[in-house]
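Please look through the model below before reading on.

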Amino acid sequence: MYISVVGADRVPVVSGVDRAMFGYFDSKLAGERVVAESGLPWTTLRATQFYDLILLVVRQTAKLPVIPAPAGVRFQPVDAGEVAARLVELALGSPAGLVPEMGGPKVYDMAELLRSYLRASRRRRTIVPIRLPGKAFRAVRAGANLARDQAVGHRTWEDFLAERVGRGIEREPKANDPEGPRQTL
Ligand SMILES: NC(=O)c1ccc[n+]([C@@H]2O[C@H](COP(=O)([O-])OP(=O)(O)OC[C@H]3O[C@@H](n4cnc5c(N)ncnc54)[C@H](OP(=O)(O)O)[C@@H]3O)[C@@H](O)[C@H]2O)c1
């Protein structure tokens, strides 16, 4: 049973810029191959970004007075609990190989995610769109990280945000909080 990321096979990691921003996708694809070539029965689920990761990113970037947002980049984040439930379901079934991807109910651009966080946490910041170079960013701008046909998640980003950041009272992560920075998008 392996959990991978939507776009692992669609985001080309060729240059140094690609690797710096999307090396994670490449490493998940390598992980998928190890599982598929292990000779053991396997199941792999690719999921989009978890809300927790999006929150981590917007929370960190909102510390800047002016926030750079990659232009044209969209996300279809999903609730980690729903992904976990699906993994349990798959683990209890027979090995199924690469199963259909799992994405959240809605697609947002980066600026929308930032704005909703700023609203919920009652902050004011200027968001500046920046166009980032590289093949990986081009693929992501074209939607390689989205699972539009598999928008099977139910819990919305708005619900998640209201629960975690609602009413402008934000719970700041502690030093050993699992939300500590670990990976790029
Ligand atoms: N976050 C996303 O948006 C996203 C999207 C799609 C797929 N995924 C995949 O989903 C998985 C979980 O993501 P995440 O963001 O929740 O990661 P995470 O915050 O880094 O959590 C990973 C968890 O796995 C545990 N772990 C790592 N290696 C282990 C091992 N060898 N044996 C037992 N436990 C181990 C870690 O324990 P410790 O804390 O003790 O190290 C940690 O609790 C990853 O494989 C990630 O690539 C994540």
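Contact here means heavy atoms within 4.5 Å. Helices (H or I, at least four residues) and strands (E, at least two) are DSSP runs, numbered from the N terminus. This is a predicted model, in which local features need pLDDT of at least 70 and side-chain atom pairs count only at pLDDT 80 or more, while totals for chains, interfaces and linings use all residues. Residues are numbered from 1 along each chain as its sequence is written, and side-chain values use heavy atoms, with hydrogens and water left out.

Leu113, Ser116, Tyr117 and Ala120 in H4 meet Trp157, Leu161 and Val165 in H6. Axes are lines fitted to C-alpha atoms, for helices over the stretch in contact, and angles run from 0 to 180 degrees between N-to-C directions. On that basis helix H4 (residues 110-120) and helix H6 (residues 157-165) pack at an angle of about 35°, and their axes are 10 Å apart. The crossing of H4 and H6 is right-handed; a crossing is right-handed if the near helix is turned clockwise from the far one by less than a right angle, and left-handed if anticlockwise.

The protein as a whole has six helices and seven strands, and along the sequence they follow the pattern β-α-β-α-β-β-α-β-β-α-β-α-α. Among contacts with a separation of 6 or more, 86% are between residues 24 or more positions apart. Of the 185 residues, 43% count as buried, where buried means under 20% relative accessible area, exposed over 50%, and partly exposed in between (1.4 Å probe, protein chains only).

Next comes the sheet. Strands of a sheet pair through backbone hydrogen bonds, either parallel or antiparallel. Two strands are taken to pair if DSSP finds at least two bridges between them. Here three strands form an open sheet in the order S1-S2-S5, with parallel pairing. Strand S1 (2-5) and strand S5 (97-98) are the edge strands, each pairing on one side only. Strand S2 (residues 43-47) is joined to S5 by two bridges, and Thr44 has Leu98 in S5 as its bridge partner. Two helices lie across S1 and S2: H1 runs at about 145° to S1, and helix H3 (residues 80-92) runs at about 165° to S2.

Helix H1 (residues 16-36) includes Val17. Val17 counts as partly exposed because its relative accessibility is 38%. Its C-alpha atom is separated by 6.3 Å from that of Gly134, 117 residues away along the chain.

Rings of Phe, Tyr and Trp (its six-membered ring) pair if their centres lie within 6.5 Å; planes under 30 degrees apart count as stacked, over 60 as edge-to-face and the rest as tilted. The whole structure holds six aromatic pairs. Phe22 and Phe25 have ring centres 5.6 Å apart and planes at 75°, so this pair is edge-to-face. These two residues are separated by about one helical turn because they are three residues apart in helix H1, and both Phe22 and Phe25 are buried. Phe22 and Phe137 have ring centres 4.9 Å apart and planes at 80°, so this pair is also edge-to-face. The pair links distant parts of the chain, with Phe22 in helix H1 and Phe137 in helix H5 (residues 135-141), 115 residues apart. Both Phe22 and Phe137 are buried. Ring pairs link Phe22, Tyr24, Phe25 and Phe137 into a cluster.
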